[in-house]
Amino acid sequence: MKFSSKSEQIVSVQNLNLVYHVDHYTNKSIKDLFVSLASSPIKSLTASARYYHVLQDINFDIYKGDRVGLLGINGAGKTSLCRCIAQMVVPNSGQVVVNGKTRAIFDTSIGIVPELTGRENAEVICSLLYPELSHKERQEVIEESLEFSELGEFLDVPYLKYSKGMQARLSLSIVSARGCDLLILDEVYDGADIFFREKVSARVLNMIKNSGAVIFVSHSLEQIEEACNKVVILDRSKVIYNGDVAQGITIYKNLLRK
Amino acid sequence: MTKLQMTLQQVKVLTYASMRARYRKTIIGFIWVVLNPILMYSVQAIVFTKFLQLNLPDYYLFLLGGLLPWIFINSSWDFCTSSIVSAGSILKSFQISPLTILFSSILENFINFFAAFIILVIPTLLFSDSLSSGMILFPISLALLILFTSFTTSIFSLMYVFYRDIKYITHFLMSILFFLTPIFYPPSFIPSQYKWIIDVNPLYMIIAPFRACLYNTPLPEILMMQLKGFGVVLVLGIIFTTYWKKCKNEILFKI
């Protein structure tokens with residue numbers, strides 16, 4: 001992965017292709033391998049690997065201040081694309097150029113150690129999301145996030161007792177606590193109540209003003225309309241639209257009707 | 001802060017959090033984890049000296065040097081093989097490498113092993129006739145043991161992502177290897193026609209230098225054992241690196 005020096009460009013995705021081994025979809029065991037090798041050795045040894053093209057020739061750029069809504073039906077490749085940008089997965093070909101620090105969260109209902117309290121989990125999540133911060137800076141982020149979450153006395157209750165809304169409150173408060181060049185939120189507003197969603201949206205928007213860009217993945221067109229100024233639509237592993245929000249939503253609605 | 005420093009920091013945080021959660025739930029918590037190898041060692045020491053009457057000088061030290069590293073390897077295979085799969089939702093949600101999760105569970109297991117080792121080795125050495133000069137080389141043997149355990153556990157843990165029956169195979173392997181590896185008996189007990197079994201046993205190549213440092217063995221002999229152990233660790237390191245490069249992209253997809 002290369003890093004660009006252009007000041008305004010945060011992400012540049014060029015000719016990106018991601019391929020997965022189809023055999024890994026199926027649950028195979030050593031026993032299965034042994035049986036197939038023993039029953040038909042020639043077929044097993046000469047069988048060619050099957051691949052699934054998850055992302056195909058993806059090209060788009062994200063600039064400072066962009067709030068990109070990533071739309072697409074289930075299985076279109078949205079999460080895989082976000083993971084490529086977040087450097088969690090390496091593309092098979094093409095390149096993702098990220099200019100600066102990326103922070104990504106893909107699920108807000110995850111407690112790192114569910115047996116620990118919300119406060120203790122906040123400390124762990126904070127260490128994982130902000131490893132570059134000093135101990136003192138991290139403590140400040142924790143205190144500020146816990147206050148923002150408004151979980152009050154529930155902070156000392158084990159995380160496994162939390163409702164989905166409470167889990168979302170805790171994670172979203174921490175992830176939006178500090179600015180970064182690129183924030184990736186993959187369907188993370190799901191579970192949070194309307195009041196808190198508005199509160200976090202305001203905080204994220206404020207964060208964007210002070211720093212970089214955001215990629216939102218959501219099935220809620222209302223949320224996309226409210227929070228984004230640009231839309232990218234993925235369909236069958238390819239980008240079919242990249243531009244204005246209103247037109248993008250119309251195209252996406254037509255896609256759903258098909 | 002470099003990437004390595006950040007990863008080490010994450011490993012430390014995850015290990016501490018996991019230990020805090022694990023030992024909070026039980027009254028004697030950590031003591032029980034340490035007590036387990038101590039009890040196993042005590043029972044075996046009594047059975048082999050009193051019942052089977054194995055007549056070896058400083059047998060308690062001999063058994064300790066073989067049994068403790070074996071317990072560490074066995075519990076790491078048992079406890080950490082499923083760690084990547086168990087942490088699937090965390091790996092899918094945050095920008096964390098599967099290796100961070102894996103190494104934090106190995107570190108947790110090592111802390112348990114080291115606590116049991118200190119509790120057992122100090123009184124045993126004090127009551128033994130002579131303090132082995134091989135203790136100078138002990139840090140090297142310990143490093144070889146840690147590397148061997150980390151590499152084998154990592155390979156099994158990566159395999160477990162794709163083949164869920166690998167756990168049964170490791171259980172089966174450990175049951176057989178406990179008897180085939182000279183842990184509670186000396187290698188001299190093995191008839192010459194079967195000596196090849198320990199010559200090809202990588203587990204013994206790692207346990208032997210560990211025990212030799214505690215159990216009065218000449219320094220050149222220990223160095224030779226460590227050289228063999230280094231060869232095993234090197235091969236395992238190459239296998240692990242190759243396998244990791246091949247499958248790291250598929251892990252998130254499969255868990």
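Visitor: Which residues in α3(B) meet α10(B), and which residues of α10(B) do they meet?
Guide: On the α3(B) side they are L61(B), F62(B), L64(B), G65(B), G66(B), P69(B), W70(B) and I73(B). In α10(B) they meet L203(B), I206(B), I207(B), F210(B), R211(B) and L214(B). Residues are in contact if their C-beta atoms, placed from the backbone, lie within 7 Å. By class, this contact divides into eleven nonpolar, two polar and one charged. Ala, Val, Leu, Ile, Met, Phe, Trp, Tyr, Cys and Pro count as nonpolar, Asp, Glu, Lys and Arg as charged, and the others, Gly among them, as polar.

Visitor: Before we go on, what kind of model is this, and how is it numbered?
Guide: It is a predicted model: local features need pLDDT of at least 70, side-chain atom pairs count only at pLDDT 80 or more, and totals for chains, interfaces and linings use all residues. Residues are numbered from 1 along each chain as its sequence is written, while chains are lettered from A and ligands numbered from 1 in the order in which they are written.

Visitor: And the helix and strand names?
Guide: They are DSSP runs, numbered from the N terminus: helices are H or I with at least four residues, strands are E with at least two.

Visitor: Back to that helix pair. At what angle do α3(B) and α10(B) pack?
Guide: About 140°, with the axes 9 Å apart. α3(B) covers residues 59-80 and α10(B) covers residues 202-214. Axes are lines fitted to C-alpha atoms, for helices over the stretch in contact, and angles run from 0 to 180 degrees between N-to-C directions. That angle makes α3(B) oblique to α10(B). Under 35 degrees counts as roughly parallel, over 145 as roughly antiparallel, 65 to 115 as roughly perpendicular, and the rest as oblique.

Visitor: Left-handed or right-handed crossing?
Guide: Right-handed. In a right-handed crossing the near helix is turned clockwise from the far one by less than a right angle; anticlockwise is left-handed.

Visitor: Now the interface. How many residues does each chain put into the contact?
Guide: Chain A gives 28 residues and chain B gives 28 residues. On the chain A side, β1 (9-21), α1 (30-39), β5 (102-105) and α4 (118-129) each supply at least two residues. The largest share, four residues, comes from α4(A). By class, that side has 16 nonpolar, five polar and seven charged residues.

Visitor: How does α4(A) sit against α1(B)?
Guide: Their axes come within 9 Å and cross at roughly 165°. α4(A) and α1(B) are therefore roughly antiparallel. The crossing is left-handed. E120(A), V124(A), S127(A) and L128(A) touch Q9(B), Q10(B), V13(B) and A17(B) there.

Visitor: Switching to chain A as a whole. What's in it?
Guide: Nine helices and nine strands. Its C-alpha trace spans about 65 × 45 × 40 Å along the principal axes. Of its 258 residues, 43% are buried. Buried means 20 or more other C-beta atoms within 10 Å of the residue's own; 12 or fewer is exposed, in between is partly exposed, with C-beta atoms placed from the backbone.

Visitor: What order do the strands take in the open sheet?
Guide: β2-β1-β4 in chain A, with antiparallel pairing. Strands pair if DSSP finds at least two bridges between them. β2 (51-63) and β4 (93-98) are the edge strands. The twist averages 20° from one strand to the next. β1(A) and β2(A) share nine bridges, and L18(A) has L55(A) as its partner in β2(A).

Visitor: And β3(A)?
Guide: β3(A), residues 67-71, has five of its five residues buried. R67(A), G69(A) and L71(A) point one way, V68(A) and L70(A) the other way. It runs parallel to β7(A), with four bridges, and L70(A) stands opposite V217(A). Four bridges also join β3(A) to β8(A), again parallel. There, L71(A) partners I233(A).

Visitor: Last one: how many residues of α3(A) are buried?
Guide: Eight of its eight, residues 78-85. Q87(A) follows α3(A), and its phi is positive, near 65°.

Note on methods. Contact = placed C-beta atoms within 7 Å.
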